[in-house]
Amino acid sequence: METAWKLTNGGIAAPRGFYAAGVQAGIKYKDKYDVALIFSDIQAQAAAVYTKNVVKAHPLYLTQRHLENGLARAIVVNSGNANACVGEFGDQAAYSMAEVAGMFLAVQPEDVLVASTGVIGVEMPLDRVLNGIRVASSQLLNDVVKGIRGRKEEADEGAHRAALAIMTTDTMVKEYAYELPCSQGGSIHLGAIAKGSGMIHPNMGTMLGFLTTDAFLPAEELQNILREAVDESFNMVTVDGDTSTNDMVVMMANGASGITLSEEDHSNFVKMVKSMCIRLAKDIARDGEGASKLMEVYVSGANTKDDARKIARSVCGSSLVKAALFGADANWGRILTAAGYSGAEFDPNKVDVYLGSLSVAQGGKGVSFSEEKAKEILELKEVQISLNLHSGEDRATAWGCDLTHEYVTINGSYRT
């Protein structure tokens, strides 16, 4: 499908005025990148969406406070330790991260946002984290000098290392950049990185997402755009039904492009943000812990958008559906059952179910189909399950993955 924007290089540092760095601080593993810094060389408008888990990590509370004015200059992130559920130490550790990053980057601590991911309930090795921030700051500031001298493209590797540094059990780096040519000339950029593999469920899972743009949008408008995009992307992903304590998606807009968006540009920008979030969300589902297949559930013919979303998420989250997908078993009854307990209003006697293009149920009843063809579809790396409710005009899509033996292996020894 043709879009107004195109893929470009640079990742999270692709927009003008943004820089990033990632270093190996030895937080949990000696040779893993585990501290990331993202920095705007001018003040940026900022917005965020957070986990709805009542149990929240210490850096999340700090970021909420620091974003009350809708402004930010930097984000510091660590992996290997969640800094969650460790009492007063956790609050002090989160603030120390902001304070030290602010000191080296010459910005106020209140303009630094903090995120962490990793093991819950263990005090982080703060000395290692703070030293990592010092090293990352030095690397980042070197890239800022390159940018001033017209060599910003040399900073791309720092952006890639930042993407590596936020990973935990992820097996693939999740980083992209888009460029949107504008109607009056020039272009704006959108960069993004994310992490997520396990403990993923709507509202949100163990996932972090960071987006940067050189467009200018007021914080309140940015918040609305981000919330809408998250509702159609990250909140439509489930890997294992668990929602963590640290999840957040943050977006910064520094206006460094100097471009005033026309109505057409603004519309394309909103679509571009949504496209980016969906792309990252699908990567998270595809990279689910132990996963061998990506599952996409498309629900149409719903009375309301909420009903469509409930059913799509419920089918994606069903352990029985996920297990059947792993075994390439065309057990469509599990799909209809998961729709039935989703909390959505619909008539089960009207529902059609498809595996790919193969019809397996019509009007809530099974139909004759080729088991061989169904198995062939279910053995693909990407499988679409469709339900038509024949009750209305609304639709929704959710993403998930199969449930494999490897998932249990990974999570049976996560702390070690």
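Mentor: The expected span of a helix is 1.5 Å times one less than its number of residues. Keep that rule in hand. This model is predicted.

Trainee: How many residues does helix α3 have, and what should they span?

Mentor: Helix α3 covers residues 126-148, which is 23 residues. At 1.5 Å a residue, they should span 33 Å. The end C-alpha atoms of α3 are 33 Å apart, so the two values agree.

Trainee: Which residues of α3 are buried?

Mentor: Buried means under 20% relative accessible area. In α3 the buried residues include Leu-126, Val-129, Leu-130, Ile-133, Leu-140 and Val-144. Gly-132, Ala-136, Ser-137 and Asp-143 are buried too.

Trainee: What covers the buried residues of α3?

Mentor: The cover includes strands β2 (18-23), β3 (35-50) and β4. It also includes helices α2 (88-105) and α4 (156-165). After α3 comes Gly-150, with a positive phi near 80°.

Trainee: Let me look into β4. Where is Asn-78, and is Asn-78 buried or exposed?

Mentor: Asn-78 sits in strand β4, residues 71-79. Its relative accessibility is 0%, so Asn-78 counts as buried.

Trainee: With which side chain does the side chain of Asn-78 make a polar contact?

Mentor: The partner is the side chain of Ser-116, at 2.5 Å. Leaving out residues up to four places away in sequence, Asn-78 also touches others, among them Ile-27, Asp-34, Val-35, Met-97 and Met-124.

Trainee: Now His-58. Where does His-58 lie, and is His-58 buried or exposed?

Mentor: His-58 lies in helix α1, residues 58-66. At 10% relative accessibility, His-58 counts as buried. A polar contact of 2.9 Å joins its side chain to that of Asp-91. Beyond four places in sequence, the residues that His-58 touches include Asn-83, Cys-85, Val-86, Gly-90 and Ala-94.

Trainee: How do I read two packed helices?

Mentor: Two packed helices are described by the angle between their axes and the distance between the axes. Take helix α5 (residues 219-231) and helix α6 (residues 263-286). Their axes come within 9 Å and cross at roughly 45°. That makes α5 oblique to α6.

Trainee: Which residues make the contact between α5 and α6?

Mentor: From α5 come Glu-221, Ile-225, Glu-228 and Ala-229. From α6 come His-266, Phe-269, Val-270, Val-273, Lys-274 and Cys-277. The crossing of α5 and α6 is right-handed.

Trainee: Where are Ala-106 and Ala-328?

Mentor: Ala-106 is in the loop between α2 and β5 (112-117). Ala-328 is in the loop between α8 (319-326) and α9 (332-340). Ala-106 has a relative accessible area of 69%, so Ala-106 is exposed. Ala-328 has 10%, so Ala-328 is buried.

Trainee: One more loop residue. Where is Ser-368, and is Ser-368 buried or exposed?

Mentor: Ser-368 is in the loop between β13 (365-366) and α10 (371-378). With 79% relative accessibility, Ser-368 counts as exposed.

Trainee: What separates the C-alpha atoms of Ser-368 and Gly-186?

Mentor: They are separated by 56 Å. Along the chain, Ser-368 and Gly-186 are 182 residues apart.

Terms used: Residues numbered from 1 in each chain as written. Predicted model: local features only at pLDDT ≥ 70, side-chain atom pairs only at ≥ 80, totals over all residues. Heavy atoms only, no water. Helix = DSSP H or I, 4+ residues; strand = E, 2+ residues; numbered from the N terminus. Buried < 20%, exposed > 50% of the residue type's maximum accessible area, 1.4 Å probe, protein only. Polar contact = N/O pair within 3.5 Å; in protein donor to acceptor, adjacent residues only side chain to side chain. Contact = heavy atoms within 4.5 Å. Axes fitted to C-alpha atoms, helices over the stretch in contact; angles between N-to-C directions. Parallel < 35°, antiparallel > 145°, perpendicular 65-115°, else oblique. Left-handed = near helix turned anticlockwise from the far one by under 90°.
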